[in-house]
Amino acid sequence: MNSTKIHFYVNDKAVETHILTEMSLADFLHEKLGLTGTKVSCGIGICKACTVAVTAPGARGLERVQACIMPVSALQGYRIITIEGLASGNTLSPQQLTVLKNFSFQCGYCAPGFLMGITLMIDHLKRNPIKKSDMHLFIKENMGDHICRCSGYNKYYEAMNEILLKLE
Ligand code: FES
Ligand code: FES
C-alpha cells in the first residue's frame, strides 16, 4: 500500500504525518486523531452525516466535504473544521445551542452533519448575504440532501431559520 506525507490543519491544530494514500478523511479523523464526532452512515457520499468544512490553501471561505469519500491525501495544506471545532472548550456554539433548544434531533447520529451544514451556510451568508424572504429556499437547497433517519426535519428547519435569520 502507498503512503503519503500529509500536512494540514484540523480545528486549528497543525497535523503532519504519513498516511495510507487511499485512507478516507473520516477514517483518519477517527483512527489517527480520535475525533469520532464526524459520523459515517451511508459511506458513499449521499446522506451527509459525515459533513466537514474545509478551506483550500490560499482560499477564503468554507467548502463542504463528505469525509467518508474524501481521501486525506487530497487535502494537503487544507484547513479542516470538524464538529469538535465548533465549541470553545465546554462552551457550545450558538448554533449548537439553538439546535439543542429546538429539540431538533432524536438519536443524534445525523446532528454533527447538520451542524456542519449550518456552519457552511453561516459562512456563505456572511460573505454573500441574501434577502430574508429567500432564506427558506436557501436552506432547502443547502440542506435538502441531509438525511435524518429519525425524521426530525421540521425541528431542524425551525432551528436553521432561527440561526440564519439572526445573521446581520
Ligand atoms: S456517511 Fe458520508 S455522505 Fe453518508
Ligand atoms: S436524529 Fe436520528 S438520524 Fe437524525
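Colleague: Leaving aside neighbours within four places in sequence, which residues is Pro57 in contact with?

Modeller: Gly77 and Tyr78. Contact requires C-beta atoms, placed from the backbone, to lie within 7 Å. The model is predicted: local features need pLDDT of at least 70, side-chain atom pairs count only at pLDDT 80 or more, and totals for chains, interfaces and linings use all residues. Residues are numbered from 1 along each chain as its sequence is written, while chains are lettered from A and ligands numbered from 1 in the order in which they are written.

Colleague: Why is Pro57 called exposed?

Modeller: Pro57 has 10 C-beta neighbours inside 10 Å. Pro57 is found in the loop between S3 and S4. Helices (H or I, at least four residues) and strands (E, at least two) are DSSP runs, numbered from the N terminus.

Colleague: Asp12 and Lys48 are both in loops. What makes each buried or exposed?

Modeller: Asp12 has 9 C-beta neighbours inside 10 Å, so Asp12 is exposed. Lys48 has 22 other C-beta atoms within 10 Å, so Lys48 is buried. Asp12 lies between strands S1 and S2. Lys48 lies between helix H1 and S3. Neither is a glycine, yet phi is positive: about 70° for Asp12 and about 75° for Lys48.

Colleague: What makes H3 and H5 roughly parallel?

Modeller: Their axes come within 11 Å and cross at roughly 30°. That angle makes H3 roughly parallel to H5, because angles under 35 degrees count as roughly parallel, over 145 as roughly antiparallel, 65 to 115 as roughly perpendicular and the rest as oblique. Axes are lines fitted to C-alpha atoms, for helices over the stretch in contact, and angles run from 0 to 180 degrees between N-to-C directions.

Colleague: Which residues of H3 and H5 meet?

Modeller: Phe114, Ile118, Met121 and Leu125 in H3 meet Tyr156, Met160, Ile163 and Leu164 in H5. This contact has eight nonpolar residues, no polar and no charged. Nonpolar covers Ala, Val, Leu, Ile, Met, Phe, Trp, Tyr, Cys and Pro; charged covers Asp, Glu, Lys and Arg; the others, Gly among them, are polar.

Colleague: What covers the buried residues of H3?

Modeller: The cover includes strands S3, S4 and S5, and helices H2, H4 and H5. Among the buried residues are Phe114, Ile118 and Met121.

Key. Contact = placed C-beta atoms within 7 Å. Buried ≥ 20, exposed ≤ 12 C-beta atoms within 10 Å, placed from the backbone.
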